[in-house]
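Q: Could you take me through one part of this protein up close? I'd like a connected tour of one spot and what surrounds it.

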Amino acid sequence: MHHCPKISVLIRTTWRDSLAQTLRSVAQQTYPNIEIVLVAPQKGRWTHPDLVGESLQLILTEQLMPRARAANLALDSATGEYCIFLDDDDWWQEEHLSGLINAMLEQDTQPVQGNLEGDVPFLAQTTTSSNCWAVHSLTELVRQPGSTSYENLLQDSPNVIGHTFEPLQLLTGNCLPIHSVLFPRILVTKYGCRFDEQMDLYEDWDFWLQVAQTAQFKCVPRVTAFYWMHQSSGVHDLEAFENAPAQFVYLKWFPLVSQAMRAALMKNATLYPPTRAQLARVDQALQEERRQRDALEQVNLGLLEQLAGLEVQRTKLDHLLKSILLSKSWKLTQPLRQFFGFCDRQKHAVLDSTVFGLLVNWVWRFYLFFLERYLQSYLSLKSRLHQAFNPTGYAQPHVKVALLVQRPLGVDPREKKMALLCVYAPTGLMGPSTVEYLNALTLSGYAVVVCAAVEDELRLDEAHLDNAQAIVVRKNAGYDFAAWAATLTALPQL
């Protein structure tokens, strides 16, 4: 950058704690030629000289000045060719000033054809046009100081303001945060733009309306300014359009609005109802999509619950298969399996001999008979051993399984229809489909008893189970009818 004009950064402060971050954001600017004009009351403590160096003009006032008067004092004290305001609770990204001044210098040689799009005059008697430009960036509204997210921010985010300048919008309300706009100081010294000292709120809005009479606005479409949303100024507590400061601006400017601008306002007013109706239809479609998405999420949760159950079954089957492969019977019959496998591979050659084929057939039948008898004896012996030693795993008849009555029965079974709802909840959490069944049975007039089979802790999460009249938790073992029988045993009044 060959031409490097001075920029005056104008800060009005009441010595808030956030001033340090504000000054730090100025000190971190990549643009080199900056002066800081700091207007502050004498009753305060300057604790940040290291953040500004020698480029500071510190203007102390005997008492706290009104906002508009302090702004005019800062303008009168500035020496830069360009000026920009920065409140003591806002901050910038490092490239803020360099981006704005680059855009400004690009426009310096281009004559302004009119101060509004479409050459619609703002006022009935418009100030003489000039070659002045005011350049502004996008601004992000943040709830916490310093919580910038500009690196990943979308420009159409609802928290971003200050898009392409719209004169009609500026007439109805301020759309330009004060620290996002860089303007030439000649607007003050030659064209008389000043802050109205009758105003203590919306004084920046009134100032931009003055600037719009002489200069043309250009937007740099990047988020480099950050506005802290808090209640210290009181401006966010005011009712939009109807508060006294806004009415003051309307009474000051609306009588001066040109006929063409009034026509544009009326045209926009006629477009508002159909636009609002269209937005309502879009909002309704979005709500329907959200309902469909929620329904699909419920279906997905049900499928995940089923998948978890299938995974548990698969694990059990894997263990069963491993136990079979490691059993003595499987090892003892391995020679026979190898022999008949060989016979099967050589079946065409074997069957060529009728006598040998019959022999193989009788040996095969004897093998199947022996294997069936052996397996029956093995399973019978295993069942007796389970009964004797009460092993963990699959429950056989008369094997005790851990059970807990988590919520006793709260109704008389003789007075209401009863429903027994057996569910599989491996982790102790009920799936949404099960809760739907529970609520549907309750609405149908049933008193529902929930029996849950769990894998881990003998406990069921009771969230969304207010309609259950009783809850029985049981270690997962056996089949569904075993859970029914266990519940009827635990609650004999059923």
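Is L321 buried or exposed, or something in between?

A: Something in between: L321 is partly exposed, with a relative accessible area of 48%. On the scale used here, buried means under 20% relative accessible area, exposed means over 50%, and partly exposed is what falls between (1.4 Å probe, protein chains only). Before going on, keep in mind that this is a predicted model, where local features need pLDDT of at least 70 and side-chain atom pairs count only at pLDDT 80 or more, while totals for chains, interfaces and linings use all residues. Numbering starts from 1 along each chain as its sequence is written, and side-chain values use heavy atoms, with hydrogens and water left out.

L321 sits in helix 8, which covers residues 259–325. Helices (H or I, at least four residues) and strands (E, at least two) are DSSP runs numbered from the N terminus. Together with L317, L320, I324, L325 and W330, L321 makes a nonpolar surface patch of about 530 Å². Helix 8 gives the most to that patch, with five residues. Patch members have over 30% relative accessible area and no salt bridge; nonpolar side chains (Val, Leu, Ile, Met, Phe, Trp, Tyr) are joined within 5 Å, and like charges within 9 Å. The areas come from the Shrake-Rupley method with a 1.4 Å probe, and for residues only the protein chains shown count as cover.

Helix 8 also holds a charged residue worth a look. The side chains of K316 and E455 meet in a salt bridge, at 4.0 Å from N to O. K316 belongs to helix 8 and E455 to the loop between strand 12 and strand 13, so the pair ties together parts 139 residues apart in sequence. A salt bridge here is a side-chain nitrogen of Lys or Arg within 4 Å of a carboxyl oxygen of Asp or Glu. Both partners are partly exposed: K316 has 24% relative accessibility, and E455 has 25%.

Two strands pair if DSSP finds at least two bridges between them; strand 11 and strand 12 (residues 446–454) run parallel and are joined by eight. Along the way, V423 stands opposite A452 in strand 12.

K252 is in helix 7 (residues 244–253) and D206 in helix 6 (residues 203–211), 46 residues apart. K252 is partly exposed at 31% relative accessibility, whereas D206 is buried at 0%. The whole structure has 17 salt bridges.
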